[in-house]
Amino acid sequence: MTHALPLLVFSDLDGTLLDHESYSFEAARPALGALKAKGAGVILATSKTAAEVAPLRTELGLSDWPAIVENGAGLLESTADTDAGAYHDIRDRIATLPPGFLGFGDMTDAEVSGITGLPLVSAARARDRAFSEPGVWTGPDAALAAFLAAADRAGLHHRRGGRFLTFSLGGTKADRMQALIDRYNPGLTLALGDAPNDTEMLEQADRGVIVANPHGAPLPRLPGEALGRITRTTLPGPEGWNAAVLALLDDISLNPKGPAHG
Ligand SMILES: [Mg+2]
């Protein structure tokens with residue numbers, strides 16, 4: 001089989017390609033440049049919104065590639081889909097649930113800035129949602145399970161990643177990833193992530209890299225690690241990303257046909 005693309009990389013942003021605290025990707029520039037030189041594609045796969053990802057994707061020089069946004073609930077093509085129908089539907093369903101959940105749609109830009117540490121303009125982009133509603137649980141811990149069960153009955157999917165509880169109508173990073181693999185038919189896929197919401201993506205790629213995040217609980221050991229298909233970085237965030245990608249590119253150039261799949 002011939003592949004139009006040698007390598008397609010799927011990468012989480014926060015705590016993976018972006019530093020957990022500074023949101024900088026400077027340390028990953030060498031690897032980003034090397035990927036471009038090899039003709040590899042890079043798909044950002046994130047909990048962020050299309051409005052947040054679009055300017056970042058431009059800064060990263062990745063505007064030629066789609067991005068998986070809102071944890072896989074949507075896809076940002078070269079022109080963003082601004083249909084917010086799904087978002088309003090999700091908000092309406094959440095309104096029928098027992099109290100205790102405070103969503104981004106219930107907060108001001110300043111409040112979202114306060115809980116995320118994002119600058120105000122970025123917080124406004126984070127609130128400009130189309131496919132999912134993140135927020136925080138403010139009720140008693142004991143009431144959370146009943147709340148999530150009610151959300152399930154209302155047809156809402158939930159996901160807990162890092163700081164937030166996020167509702168959508170379904171769709172995961174891994175679902176979107178498979179659709180993009182079908183579209184681009186790459187010779188090899190690599191996924192990088194740091195948190196539980198990256199697990200499916202890490203398991204689905206030919207190679208997975210768990211980027212160390214000293215600020216979050218460590219990911220439990222994944223099945224792919226026993227097979228050596230998934231590895232962990234020692235360096236955090238973009239430093240770890242850079243080292244892992246450069247190591248993989250070295251490995252591919254030594255073994256041009258790539259590792260055995262499967
Ligand atoms: Mg992350």
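How much area do domain 1 and domain 2 bury between them? That's what I'd like to walk you through today, and please keep in mind that this is a predicted model.

Let's start with the layout. The protein chain splits into two domains. Domain 1 is made of residues 8-73 plus 172-252, and domain 2 covers 85-168. Their C-alpha centres sit 24 Å apart.

Now, back to my opening question. The two domains bury about 1300 Å² between them, and 52% of that is on carbon and sulfur atoms. On the domain 1 side, the residues that lose the most area to domain 2 are Y23, E52 and E70. Together they make up 35% of what that side buries.

What about charges? Between domain 1 and domain 2, the count is two salt bridges. Elsewhere in my notes I have a salt bridge between the side chains of R159 and E200, at 3.5 Å from N to O.

Let's turn to a pair of helices. Helix 2, residues 50-59, and helix 5, residues 120-127, have axes that come within 6 Å of each other. Those axes cross at roughly 125 degrees, which means helix 2 is oblique to helix 5.

Who meets whom there? From helix 2 we have A51, E52 and P55, and they meet S122, R125 and A126 of helix 5. Sorted by class, that contact has three nonpolar residues, one polar and two charged.

Definitions and conventions: Residues numbered from 1 in each chain as written. Predicted model: local features only at pLDDT ≥ 70, side-chain atom pairs only at ≥ 80, totals over all residues. Heavy atoms only, no water. Axes fitted to C-alpha atoms, helices over the stretch in contact; angles between N-to-C directions. Helix = DSSP H or I, 4+ residues; strand = E, 2+ residues; numbered from the N terminus. Parallel < 35°, antiparallel > 145°, perpendicular 65-115°, else oblique. Contact = heavy atoms within 4.5 Å. Nonpolar A, V, L, I, M, F, W, Y, C, P; charged D, E, K, R; others polar. Domains from an automatic or database assignment. Buried area = accessible area lost by both parts, 1.4 Å probe. Salt bridge = Lys/Arg side-chain N within 4 Å of Asp/Glu carboxyl O.
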